[in-house]
Amino acid sequence: FVITSCAKRVSPSGGEKDVTPPVLLNAIPVNKSTNFTDRKIELKFDEYVYLKDANQQIIVSPLMDPPATFYSKKKSVIIELPDTLKPNTTYTINFGTAIVDVHESNVFTFQYVFSTGSVLDSLSVSGKAIDALSQTGKKDVKILMYTNADDSLPFKKRPDYFAITDETGNFKISNIGAGTYYILASDDKNSNYINDSPKEEGISNFTKIMVPDTNSIVLNYFTESPKDAFIKNINATTTGRWDISFNKNLIKPYTISFGDNKPFLQEWNTNNDTLIIWCNDTLTDTLSVQIFQEGAVIDTANIRLKAKNSIAGRGGVSTVRFLESFNTASGLFNGFDAEFVMMNPVVATDTTKIILKEDSTMKNFHYTYEDSLKRKFKMKYDWKEEKNYKITFLPGAFTDFTGRKNDSLAFEFTGRKINETGTIEFNISGIKKESWILQLLTGDLAVIKELKIDTPGKYLFNYLMPQQLKARIIRDENNNGRWDTGSYSNKKEAEKVYYYPGELQSRANWDLEVEFEIINSKF
């Protein structure tokens, strides 16, 4: 037997992968120099290096104006300094992960410090910046620190010192001297260290600190409610209906007026930032909407009206949605109403065209409209566990205020079993007899259920589907039933929020008792 084969050419393996970061051989001038007067710093390494994402990674505190210039040259990193350095000041240059070697991008972590005076400041202040509502930290929030307390400073002057938060909101400002400082958190989306953009909404109030007496601080930052109200959007939702969205909650001293006094109905959403209006005028082209603040017009918009027949389908019956929402999709428990929210107010209900079947058997029911505009139709019935239900609205069961009638609508669902759900009972302690809001939340902090409470005690949430949950309590200072943000201009903090520590699990046919003590702790 003769065996033949061809040799396959391969590249040399080159040995093991280089995982060693560059080594700093020399710094000129040396790190931690005092009486610093040079305009150039050179960092020499044992291999070729370059700067990666220098603009995002390199942090110089306090800020230099104009900023220093950074570049790499073979085995060196060069820093060219401006001639405007402050006297008797300690500067810190933190390179983050910017210095890497050429071949494998191994990172050299380094901080260069120097002082233009005879003393190298070595004190520091640390803390955490957290969102006032979620009470969680966020990455890349700017921490701005000043040597005086002028409230206008964040809007016109760069800080004396600064830091940037990590993934959990923690920060540290190093190499500062003893004294009194004023510190705040800011989103600063354009990274110029000044709150000069309308998009830079996140800010905290000033906090006065004493160094070295202050060890750690917590900065609650919030999105301040806009000072000026204006109409953000107008949406013609369906025949005769318009949703007018505003940029903020419109409560006193704001009022809404329709200048030409056309007949209309109106309803605010739960957040008071959207006004739903209905107008049955089919002759006028436009309707004027005005916002008044203490008697003065601050914004005006015109709504273009549409005649009923302009968006009607066959036979004059509109082809657009008649229903806005319904709650039957996942079934109903005994004691709960089937609720159907109409797009427009209803003026006539024909119950002969509403059919309820339980396992194919016709059943009688009761109904009610619990809102003055008759938009929320509630069907009352003793739903049975595991029974199959079908609710049918035949054409013409409802007539809205424009004269439009519904097309045929049908909804099928099954009566839910109570033992598929669980309950959570909270024993609340540590609160005073004041106005509070207890909320049950999903993992992403969407509100599932809430209760207004005013004393310590036991509070029950029932009919909970099996899921991971969170809970929080809001100090409702103005007793308006919702969380209110803070105000930098008025030096007002956002309303306090306290989260239950850890996750909660609702289980089928299970009662969970939870001790929730409110402790006003720092973190």
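Two strands count as paired if DSSP finds at least two bridges between them, and strands (E, at least two residues) are themselves DSSP runs numbered from the N terminus. The model shown is predicted, so local features need pLDDT of at least 70 and side-chain atom pairs count only at pLDDT 80 or more, while totals for chains, interfaces and linings use all residues. Residues are numbered from 1 along each chain as its sequence is written, and side-chain values use heavy atoms, with hydrogens and water left out.

**View 1. A hairpin is formed by strands E24 and E25.** Strand E24 (residues 286-293) and strand E25 (residues 296-304) run antiparallel and are joined by 8 bridges. Within this pairing, Phe-292 has Val-297 in E25 as its bridge partner. There are 2 residues between the strands of the hairpin, and Glu-294 in the turn has a positive phi of about 50°.

**View 2. An open sheet is built from 3 strands in the order E39-E36-E43.** The pairing in this sheet is mixed. Strand E39 (457-464) and strand E43 (511-517) stand at the edges with a single partner strand each, so one side of each has no neighbour in the sheet. From one strand to the next, the twist averages 20°, an angle taken between lines fitted to C-alpha atoms and running from 0 to 180 degrees between N-to-C directions. E36 and E39 pair in the antiparallel sense over 6 bridges, and Ile-424 stands opposite Phe-461 in E39.

**View 3. The largest nonpolar core has 24 residues.** Such a core is a set of buried Ala, Val, Leu, Ile, Met, Phe, Trp, Tyr and Cys residues joined through side-chain atoms within 4.5 Å, where buried means under 20% relative accessible area, calculated with a 1.4 Å probe on protein chains only. Among the members that touch the most others are Ile-41, Leu-43 and Tyr-112. Several strands, including strand E2 (40-45) and strand E10 (111-115), each supply at least two residues of this core, and E2 gives the most, with 3 residues. In soluble globular proteins, nonpolar side chains tend to be buried together.

**View 4. Two aromatic pairs are edge-to-face.** Rings of Phe, Tyr and Trp (its six-membered ring) pair if their centres lie within 6.5 Å, and planes under 30 degrees apart count as stacked, over 60 as edge-to-face and the rest as tilted. By this rule the count comes to 39 aromatic pairs. The ring centres of Phe-377 and Phe-393 are 5.9 Å apart with planes at 85°, so this pair is edge-to-face. Because Phe-377 lies in strand E32 (residues 376-380) and Phe-393 in strand E33 (residues 388-393), the pair ties together parts that are 16 residues apart in sequence. The rings of Trp-383 and Phe-413 have centres 5.4 Å apart and planes at 75°, so this pair is edge-to-face. Trp-383 and Phe-413 are both buried.

**View 5. Ser-435 is found in a loop between two strands.** The loop runs between strand E36 (422-429) and strand E37 (436-441), and Ser-435 counts as buried because its relative accessibility is 13%. Not counting residues up to four places away in sequence, Ser-435 touches several residues, including Lys-452, Ile-474 and Arg-475, contact meaning heavy atoms within 4.5 Å. The charged end of Arg-475 sits over the ring of Trp-436, 5.6 Å from its centre; the rule asks that CZ of Arg, or NZ of Lys, be within 6 Å of the ring centre and within 35 degrees of the ring normal.

Methods. Helix = DSSP H or I, 4+ residues; strand = E, 2+ residues; numbered from the N terminus. Buried < 20%, exposed > 50% of the residue type's maximum accessible area, 1.4 Å probe, protein only.
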